[in-house]
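Visitor: Could you show me how to read a helix and then a chain-to-chain contact?
Guide: Gladly, let us look together.

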Amino acid sequence: MEEQFHKKLEDLAGRYETEDGALVLSASNTPGAMTEILHAIDNTMLPRLLEFSVGQAAVSLVAGGRRLRAIVAVSDDLTANDVTLDTLLSRDDEQLPNQIGALLTELNSKPGKLTLIRSVDARAAKFSDGGLDSPTLAGLWNVALTPPSQLGVMLAGLGAAALAHVEFDGAQIAAQDGENDICDHLASETLRTEIAQMLQDIDQKRDSGQATQMLVLPGKLPDDALLCVIRTDQTDAFIAAAGGSVPALATLWHQS
Amino acid sequence: MAQNPLDQLYAQISGCDTLAYFDLSTRIVLLKNTETRESQDSLNDLCAEANVVLRDGDISLLASADRLTLYLRSTSIPNDVLCCICAPDTDVAQVISLGQSCLNEITGGA
């Protein structure tokens, strides 16, 4: 479902084509290729395996919480493949992220299209916290990170005190970057059930072509925070305690 | 004959598609702008939707790819609600401001 959300955002932006189920991020050998990789990391909230490929060459990374957490596989045709796998990246060790940067640079030096397959994978689940965010990696890799990723724009613009990614038909998966008391509200089963019911009620009244993708509701959270539901599909949404105002969120929605 | 207040509001909001005025207690559509393309059934559905999304608040915004739907509750008669369907780039702050004035005019509020 996470993948569907990203695909939806990408579709909205009209940015990416797909090829054999993979997103085509860019042509390799272009300055923007590394930026696209950083955006992909920045757009990954839940632990996921990101496999970047150019032709047969591939680098598999674990990302989550909008951070790069580890490298878990490298194809043999990359010469810089002598890198420590399955190790959590940290700010205390610049060597590993720099090695990953060199690997990705080599990957992008190969002729072809840079593609991404984002998937749920047991290796991703091993790293549930920590890692380095895209701005930090951009500094280490000397890559310009502008413009920011689309999800980054939306989330930063929300001015969210807390954010959760919710699957309505299962357990809540993640609440991140949040103030504890607000997180508790977002994590409540009552709220999750209410939102799910609300979206279901709305769907029943709407034509399928008018699916509601964002919903802003005051009065649900303390401290005048707005409850902002950014829907991913029928059962999946980001919910955030957003700052700002209803008009500001409408503008943000239109711009993103 | 007095002009429909929703038609006046409609003329003031760029990008507005539909305006409707509901009584949530009876779930009745009391008024709509003359030019609306929404059917009566569709307006009834919007009224039901307003009941859902305004359960705890006075305003709510629903966004889809091609339109915004704003529900605005009257400050003087809480069961009275204005619904505005508009383009995604509509100035929502203006809609809220003008919409509240329109509600006040209709309900006789301050």
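Visitor: Which residues of helix 8 of chain A are buried?
Guide: A residue counts as buried if 20 or more other C-beta atoms, placed from the backbone, lie within 10 Å of its own, as exposed if 12 or fewer do, and as partly exposed in between. Here the buried ones are A:Ile195, A:Leu199 and A:Ile202. Down the axis of helix 8 of chain A they fall within an arc of 65° (taken from the directions from the helix axis to the C-beta atoms), so they line one face of the helix. An α-helix has 3.6 residues a turn, so residues three or four places apart point the same way.

The model is predicted: local features need pLDDT of at least 70 and side-chain atom pairs 80 or more, while totals for chains, interfaces and linings use all residues. Residues are numbered from 1 along each chain as written, with chains lettered from A and ligands numbered from 1 in written order.

Visitor: What does the face turned away from the buried side carry?
Guide: Exposed residues of helix 8 of chain A, among them A:Glu189, A:Thr193 and A:Gln204.

Visitor: How many residues of chain A are in contact with chain B?
Guide: With contact meaning C-beta atoms, placed from the backbone, within 7 Å, 22 residues of chain A meet 20 of chain B.

Visitor: Which strand of chain B pairs with strand 10 of chain A?
Guide: Pairing needs at least two DSSP bridges; strand 3 of chain B pairs with strand 10 of chain A in the antiparallel sense over 3 bridges. A:Met214 stands opposite B:Ala63.

Terms used: Helix = DSSP H or I, 4+ residues; strand = E, 2+ residues; numbered from the N terminus. Contact = placed C-beta atoms within 7 Å.
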